[in-house]
Amino acid sequence: MKRKLLFGERMLLGDGAEPFNAVIPFRLKGSFKEADIQHALFKIQEKHPWLKALISLDQKQTPWFEVPEKGISIPIRVMTRKTEEDWLQESKKEWNTSFDGSKLPMIRFIWIKGEEVSDMLLVFHHCICDGGFCDVVIARISCSTG
């Protein structure tokens, strides 16, 4: 699958060097396995193929979404939850961290892992979507342990 970024998506992407990220934090109670989270994110990518799209440039430097034949998983970064405020520090960090859309999808997942409670951050570049799929991700992850 390949398509040129729409006008609004190109505006949001800019030259790709500056972060224009949305960070969706959520907290879930319970014990989770990384494999369950990977599976939930994989199922979301199956339903929404643009979540595995890379950005390529044509000869005129026009950006295109391109879904590679071999899918690329949403990156997951796991860290240990130490305080109630860890999510806030990580949100600030992720809000200011650029994506390399030529190598990885324009979405990533941060799991601030606790014993009984985990904080999770879904970070994506605004050029890929408006965040409407986030509720689906949260529901799928919370159901994957049950």
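## Sheet, helices and aromatic contacts in a predicted model

In strand 6, I110 is the bridge partner of R77.

Strand 5 and strand 6 run parallel to each other and are joined by five bridges. On strand 7, the residue standing opposite I110 is L121. Strand 6 covers residues 107-113 and strand 7 covers residues 117-125; their pairing is antiparallel, with six bridges. Taken as a whole, the sheet is open and has four strands in the order 2-7-6-5, with mixed pairing. Strand 2 (21-29) and strand 5 (76-80) are the edge strands, each pairing on one side only. From one strand to the next, the twist averages 20 degrees.

How much of strand 6 is buried? Six of its seven residues are, so strand 6 is largely enclosed by the rest of the structure.

**Helices on the sheet**

| Helix | Residues | Strands touched | Angle between directions |
|---|---|---|---|
| Helix 2 | 34-47 | strand 5, strand 6 and strand 7 | about 150 degrees with strand 5 |
| Helix 3 | 86-95 | strand 2, strand 5, strand 6 and strand 7 | about 155 degrees with strand 2 |

The buried residues of helix 3 include D86, E90, S91 and E94. Viewed down the axis of helix 3, the buried residues fall within an arc of 130 degrees, so they line one face of the helix. These buried residues pack against strand 2, strand 5, strand 6 and strand 7. Q89 and W95 are exposed and sit on the face of helix 3 turned away from its buried side.

**Aromatic residues**

The structure holds two aromatic pairs. One of them is formed by W50 and F65: the ring centres are 5.7 Å apart and the planes are at 40 degrees, so the pair is tilted. This pair links distant parts of the chain, with W50 in the loop between helix 2 and strand 3 (54-57) and F65 in strand 4 (residues 63-66), 15 residues apart.

F65, at 2% relative accessibility, counts as buried; the cut-off for buried is under 20%.

Which residues does F65 contact, leaving aside its neighbours within four places in sequence? The contacts of F65 are with M1, K2, R3, L5 and E9, with W50, A53, L54 and I55, and with C127 and I128. A further spatial relation involves S102, whose C-alpha lies 9.7 Å from that of F65 although the two residues are 37 residues apart in sequence.

K2 is over the face of W64, at 5.2 Å from the ring centre. R3 is over the face of W50, at 5.1 Å from the ring centre.

Terms used
Residues are numbered from 1 along each chain as its sequence is written. This is a predicted model: local features need pLDDT of at least 70, side-chain atom pairs count only at pLDDT 80 or more; totals for chains, interfaces and linings use all residues. Side-chain values use heavy atoms; hydrogens and water are left out. Two strands pair if DSSP finds at least two bridges between them. Helices (H or I, at least four residues) and strands (E, at least two) are DSSP runs, numbered from the N terminus. Axes are lines fitted to C-alpha atoms, for helices over the stretch in contact, and angles run from 0 to 180 degrees between N-to-C directions. Contact means heavy atoms within 4.5 Å. Buried means under 20% relative accessible area, exposed over 50%, partly exposed in between (1.4 Å probe, protein chains only). The arc is that of the directions from the helix axis to the C-beta atoms. Rings of Phe, Tyr and Trp (its six-membered ring) pair if their centres lie within 6.5 Å; planes under 30 degrees apart count as stacked, over 60 as edge-to-face and the rest as tilted. A charge sits over a ring if NZ of Lys or CZ of Arg is within 6 Å of the ring centre and within 35 degrees of the ring normal.
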